[in-house]
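Subject: Handover of a structure, with notes

Dear colleague,

Please find the sequence and structure below. My notes on the model follow directly after it.

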Amino acid sequence: MKDFETLLRRFTNAIESGDGSALAALFTEDGVYDDGFYGANKGRDAIARMLEDEFWRDAEGFRWRMYDAVCDGRIGYARYLFSYRSKLPGVEGRLVLFDGMSQYTFDGELIAHYREQFNTGMAMAQLDFAPARIARNLARRAEALKKVNQSAMR
């Protein structure tokens with residue numbers, strides 16, 4: 001990856017405009033977008049569908065600002081501030097704001113794998129999700145993290 005800053009602008013612009021084709025074009029054919037809410041989506045069609053049919057079904061008015069970007073050509077990281085307005089019943093128009101960290105793994109100039117870390121509980125609390133639902137979500141995320149990383153922690 002030669003121009004990480006430009007890729008970040010294209011990435012966030014695609015999200016903010018709901019352009020699934022533009023987002024998917026940034027990925028390899030079998031690239032993975034691993035989203036904190038919607039899970040892993042593999043392949044350009046799945047990535048475009050996730051953005052257009054899930055992100056934009058549940059929210060609008062996306063704003064995504066990346067900061068402190070670093071990239072060695074193979075892996076890139078950026079801190080971010082992300083916000084949107086909910087379209088969920090009962091909390092329509094509610095502003096949700098959180099910060100996080102993005103990691104991009106590249107195959108040449110294309111994203112092979114995107115993953116992120118942010119506090120989903122913070123976002124869910126802003127939408128008045130029941131405490132038990134937030135706890136179940138965080139417990140599932142914790143178990144998935146343990147499962148994937150068991151061997152690394154021995």
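Leaving aside neighbours within four places in sequence, Thr-120 is in contact (heavy atoms within 4.5 Å) with Gly-36, Phe-37, Asn-137, Leu-138 and Arg-141. Please note that this is a predicted model, in which local features need pLDDT of at least 70 and side-chain atom pairs count only at pLDDT 80 or more, while totals for chains, interfaces and linings use all residues. Residues are numbered from 1 along each chain as its sequence is written, and side-chain values use heavy atoms, with hydrogens and water left out.

Thr-120 belongs to helix 4 (residues 120-126); helices (H or I, at least four residues) and strands (E, at least two) are DSSP runs, numbered from the N terminus. With a relative accessible area of 0%, Thr-120 is buried. Here buried means under 20% relative accessible area, exposed over 50%, and partly exposed in between, with a 1.4 Å probe and protein chains only. The C-alpha atom of Thr-120 is separated by 22 Å from that of Asn-13, and the two residues are 107 apart along the chain.

Six strands form an open sheet of mixed pairing, in the order 2-1-6-5-4-3; two strands pair if DSSP finds at least two bridges between them. Strand 2 and strand 3 each have a single partner strand and stand at the edges, so one side of each lacks a neighbour in the sheet. From one strand to the next, the twist averages 20°; axes are lines fitted to C-alpha atoms, for helices over the stretch in contact, and angles run from 0 to 180 degrees between N-to-C directions. Strand 1 and strand 2 run antiparallel and are joined by four bridges, and Val-32 stands opposite Lys-42 in strand 2.

Helices on the sheet

Helix 1 packs on the sheet, where it touches strand 1, strand 3, strand 4, strand 5 and strand 6 (110-118), and its direction makes about 170° with that of strand 3. Helix 3 also packs on the sheet, touching strand 1, strand 2, strand 3, strand 4 and strand 6. The direction of helix 3 makes about 35° with that of strand 1.

Helix 3 (residues 44-58) has 15 residues and reaches 21 Å from its first C-alpha to its last, close to the 21 Å expected at 1.5 Å a residue; the expected span is 1.5 Å times one less than the number of residues. Helix 3 bends by about 30° at Met-50, the bend being the angle between axes fitted to the seven residues ending there and the seven starting there. Met-50 is itself one of the buried residues of helix 3, which also include Glu-54 and Asp-58.

In helix 1, the buried residues include Phe-4, Phe-11 and Glu-16. Helix 1 is followed by Gly-18, which has a positive phi near 70°.

Individual residues

Ser-102 lies in strand 5 (residues 95-107) and is buried, at 1% relative accessibility. A polar contact of 2.9 Å joins its side chain to that of Tyr-114; such a contact is a pair of N or O atoms within 3.5 Å, where, within protein, one must be able to donate a hydrogen and the other to accept it, and residues adjacent in sequence count only if both atoms are side-chain atoms.

Asp-68, in strand 3, is not a glycine but has a positive phi of about 55°, and it is exposed at 54% relative accessible area. Asp-128, in the loop between helix 4 and helix 5 (131-149), has a positive phi near 60° and is exposed at 52%.

Yours sincerely
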